[in-house]
Amino acid sequence: MTTVVVFNVAREPAAAQVLADGRLVWPARKLPAGEDDHAALAVAVGLAASDLVGITLGQGDPGWAAARGTSEVVRVADVTVGDDDGATAAALAAAVAEVDGAELVVIGDSEHHPGLAPALAGYLGWPVVLAATSAVRIGSDVEATRRAGRVEETVSVPIPAVIAVAAATEESSPPGMKAMLAARRLPVRDVTAADLGIAAVPAFEPTLTSLPSSTTARLIGGDPLQAATELVKALRAEGVLE
Amino acid sequence: MTTTWLVVTDPLDLCALGRLVPGLPVDSIVIGDRALADSSARTGVRSVHWIEPVEGVPADAYAAAAADIVLGAAPGLVATTATAPASRAVVGVVAARCRASVLSGVTGVSEAGDALEVTGGAAGNAVVATWEVSGPLCAFIAPADEAPAPGVAVGLTPHPDAAPRPSRVTVSAAAVASGLADAARVVGVGRGLRSRADLAMVEALAGSLDAELACSMPLAEDLGWLPKDRFVGRSGQQVSPRLYLAVGLSGAPQHLQGVRGAKVIVAVNSDPEAAIFRAADYGIVGDLYEVVPALTAVLASD
């Protein structure tokens with residue numbers, strides 16, 4: 001009867017450093033929390049009937065989750081996030097299997113890792129509700145709400161299940177310094193890939209990266225009237241004003 | 001001999017076809033109604049395997065059944081877009097059961113000896129990346145602008161015995177159509193606006209553009225300055241106008257997800273470092289209280 005929340009396993013573009021020659025450098029030690037992590041944690045806290053265990057990988061910050069409600073964090077210390085969502089999901093599924101009584105996994109549904117949550121569910125052999133914005137337990141089921149096109153729908157799945165949560169907004173009230181300091185005292189269990197019976201393969205990365213032909217907006221300067229005139233002229237040339 | 005598959009649970013998934021290995025036959029697995037299956041059948045694919053969901057059961061519930069069909073044909077490449085949850089759910093099951101690599105933002109796949117060479121955007125399209133994949137690959141494709149032109153239809157292979165996992169779906173609220181979804185031009189406004197009364201200035205700009213007015217989530221949900229069906233974003237309206245003019249919007253990822261389909265994005269913001277400029281095609285760095293009236297005046301004088 002344990003709920004698991006997976007966090008800090010999405011590489012957000014804002015964390016990347018793009019060098020002048022097109023090389024991409026990701027943080028080696030610590031990843032910032034994913035854009036959807038806070039929403040996933042809030043949903044997980046609401047779903048947890050008893051214990052709420054956090055799971056992260058080698059670049060995760062256990063204190064981030066502990067300050068938001070986890071009672072324990074399991075960190076797979078020698079596995080890091082790469083571009084292959086399948087490889088990340090395999091490591092996370094092995095970690096979930098190590099948590100006693102794990103029956104419900106909540107994870108942020110990152111737009112930059114659209115395969116992560118479904119592949120995690122695939123490895124666990126559990127159903128998944130993707131793009132959820134909220135979820136509640138109803139008996140032995142979870143009812144998750146999500147928006148599909150112009151309608152809002154409620155999907156009900158039996159537990160065990162994976163619920164992937166998409167944040168609608170940024171975190172409105174993050175924990176204060178006192179909570180963050182207290183969270184550092186909560187337990188962290190570091191495990192290795194070998195402990196989980198999986199291979200510690202390096203993060204999957206591109207063989208080559210280059211700068212795209214155009215990366216920024218064409219900025220139009222000058223006084224407001226001059227800028228407005230130039231912009232309208234450019235938009236007419238684009239054919240979007242007709 | 002491996003096979004190439006297209007997973008279709010949304011019409012946009014068909015737009016992935018143009019990015020796949022040129023010349024390779026593609027089989028498709030469709031979960032949806034007859035119209036979606038027929039559309040898939042006319043895109044030049046070799047076969048269409050069709051699962052029609054029972055009323056009240058979400059397409060996602062058939063993910064394992066669909067994966068069984070794909071896995072029965074030794075898939076080397078399984079492609080779809082990241083649009084529909086059900087397509088992603090199918091890919092998740094396939095990937096786990098054949099231990100496939102899963103990549104996203106893919107814009108091209110070609111053969112490179114025994115491997116696949118995959119190109120796409122990484123770090124939110126900050127760079128163009130090339131990956132080499134030696135095993136099976138599940139690829140989330142950045143959809144091309146259009147689906148293949150309709151051609152001769154292949155026959156459908158229905159799978160009426162496909163069993164769903166226990167799951168139910170109910171529509172709890174249908175959003176009232178605001179006109180945003182089909183608008184050719186949309187003006188979006190954010191927290192850069194100081195007061196509700198100032199909306200009139202932005203409405204005037206929208207009027208001169210013959211555009212619909214939209215906003216970020218805080219303006220609708222927190223401040224109530226505009227109806228909730230006017231907020232654009234991940235959990236709000238998704239728009240695909242030819243022109244999206246963002247006024248006083250910072251460019252939060254949740255908002256940008258709602259305008260991804262826009263052809264041209266223009267941003268007006270006083271902060272030159274605002275994230276909206278990284279998503280925009282054109283930008284004016286300036287005070288919206290000066291730029292918006294200027295734009296309205298220029299458009300009115302044309």
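In this predicted model, B:R260 and A:E111 are joined by a salt bridge in which the closest N and O atoms lie 2.4 Å apart. This pair links chain B to chain A, and the rule finds 4 salt bridges across the interface of the two chains. The interface itself involves 78 residues of chain A, which are in contact with 74 residues of chain B. Between them, chain A and chain B bury about 6200 Å², and 58% of that area is on carbon and sulfur atoms.

Helix α7 of chain A, residues 224–238, packs with helix α8 of chain B, residues 288–301, at an angle of about 50°, and their axes are 8 Å apart. The crossing in which α7(A) passes α8(B) is right-handed. On the side of α7(A), the residues that meet the partner helix are A:P224, A:L225, A:A228, A:T229, A:L231 and A:V232, while α8(B) contributes B:E290, B:V291, B:A294, B:L295, B:V298 and B:L299. Sorted by class, the contact of α7(A) with α8(B) has 10 nonpolar residues, 1 polar and 1 charged.

Helix α8(B) has a further partner within chain B. Helix α4 of chain B, residues 199–209, packs with α8(B) at an angle of about 30°, with the axes 9 Å apart. That angle makes α4(B) roughly parallel to α8(B). The crossing of these two helices, α4(B) and α8(B), is left-handed. From α4(B), residues including B:M201, B:V202 and B:L205 take part, and they meet residues of α8(B) that include B:L288, B:Y289 and B:V292. The contact of α4(B) with α8(B) has 11 nonpolar and 2 polar residues, with no charged ones. Both B:L295 and B:L299 of α8(B) take part in the contact with α4(B) and also in the contact with α7(A).

Within chain A, another pair of helices can be followed. Helix α3 of chain A, residues 85–97, and helix α4 of chain A, residues 116–124, pack at an angle of about 50°, their axes being 8 Å apart. The helices α3(A) and α4(A) are therefore oblique to each other, and α3(A) passes α4(A) in a right-handed crossing. Among the residues making this contact are A:D85, A:T88 and A:L92 of α3(A) and A:L116, A:L120 and A:Y123 of α4(A). The residues of the contact of α3(A) with α4(A) comprise 10 nonpolar, 2 polar and 1 charged.

Notes
Residues numbered from 1 in each chain as written. Chains lettered and ligands numbered in written order. Predicted model: local features only at pLDDT ≥ 70, side-chain atom pairs only at ≥ 80, totals over all residues. Heavy atoms only, no water. Axes fitted to C-alpha atoms, helices over the stretch in contact; angles between N-to-C directions. Helix = DSSP H or I, 4+ residues; strand = E, 2+ residues; numbered from the N terminus. Parallel < 35°, antiparallel > 145°, perpendicular 65-115°, else oblique. Left-handed = near helix turned anticlockwise from the far one by under 90°. Contact = heavy atoms within 4.5 Å. Nonpolar A, V, L, I, M, F, W, Y, C, P; charged D, E, K, R; others polar. Buried area = accessible area lost by both parts, 1.4 Å probe. Salt bridge = Lys/Arg side-chain N within 4 Å of Asp/Glu carboxyl O.
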